[in-house]
Amino acid sequence: MITTTTPSIEGKRIQEYKGIVFGEVVAGVDVIKDFTAGISNFFGGRSSTYEGELIQARQNALREMEERAREIGANAVVGVDIDYEVLGSNNGMLMVTASGTAVVTD
């Protein structure tokens, strides 16, 4: 499955547009991750705990989007966009959405 942020794929011709596909992931951050991230915030530096959670959520959203494209007969997704939102009363949830246009290429 080719997945790209561009509207076309170099060397490939889009034969059919299948429609817009999405992959959504909502991930919670537990109290231990909050604690270790708080330590990084206090002393400065990057929070590998939150970074790891973000990477995993993004990968899962992309994988889900690609699977939905396969289900409707596509072999590529073009024009991919990834959005991030925080949710919940204490902003303790992270939502990652991947979207793009499922296509069939030659």
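Predicted model: local features only at pLDDT ≥ 70, side-chain atom pairs only at ≥ 80, totals over all residues.
Partly exposed, as the term is used here, describes a residue whose relative accessible area falls between the buried range, under 20%, and the exposed range, over 50%. Arginine 70, at 41% relative accessibility, therefore counts as partly exposed.

Strands of a sheet pair through backbone hydrogen bonds, in either the parallel or the antiparallel sense. In this model four strands form an open sheet, arranged in the order β1-β3-β4-β2, and the pairing is mixed. Because β1 and β2 stand at the edges and each has a single partner strand, one side of each is left without a neighbour in the sheet.

Strand β3, which spans residues 76–87, pairs with β4 in the antiparallel sense over 10 bridges. Within this pairing, aspartate 83 has threonine 97 in β4 as its bridge partner, while the bridge partner of aspartate 81 in β4 is serine 99. The hairpin of β3 and β4 has five residues between the strands, and in that hairpin glycine 88 adopts a positive phi near 95°.

Strand β4 is mostly covered, since 10 of its 13 residues are buried. Glutamine 59 is partly exposed, with a relative accessibility of 39%.

## The salt bridges

Side chains of opposite charge can pair when their charged atoms come close. A search of the whole structure finds five salt bridges, and the table sets out several of them.

| Pair | Closest N and O atoms |
|---|---|
| Aspartate 106 and arginine 13 | 3.9 Å |
| Glutamate 24 and arginine 68 | 2.9 Å |
| Arginine 70 and glutamate 67 | 3.6 Å |

The salt bridge between aspartate 106 and arginine 13, with its closest N and O atoms 3.9 Å apart, links distant parts of the chain, for aspartate 106 belongs to the segment after β4 (93–105) and arginine 13 to the loop between β1 (2–3) and β2 (14–28), 93 residues apart. Aspartate 106 is partly exposed, its relative accessible area being 44%.

Glutamate 24 forms its salt bridge with arginine 68 at a closest N to O separation of 2.9 Å. Because glutamate 24 lies in strand β2 and arginine 68 in helix α2 (residues 48–71), this pair ties together parts that are 44 residues apart in sequence. Both partners are partly exposed, glutamate 24 at 33% relative accessibility and arginine 68 with a relative accessible area of 34%. The two also belong to a network of salt bridges in which Glu24, Glu64 and Arg68 are linked.

Which residue forms a salt bridge with arginine 70? The partner is glutamate 67, with the closest N and O atoms 3.6 Å apart. Since arginine 70 and glutamate 67 are three residues apart in helix α2, about one helical turn separates them. Glutamate 67 counts as partly exposed at 38% relative accessibility.

Definitions and conventions. Residues numbered from 1 in each chain as written. Heavy atoms only, no water. Salt bridge = Lys/Arg side-chain N within 4 Å of Asp/Glu carboxyl O. Helix = DSSP H or I, 4+ residues; strand = E, 2+ residues; numbered from the N terminus. Buried < 20%, exposed > 50% of the residue type's maximum accessible area, 1.4 Å probe, protein only. Pairing = 2+ DSSP bridges.
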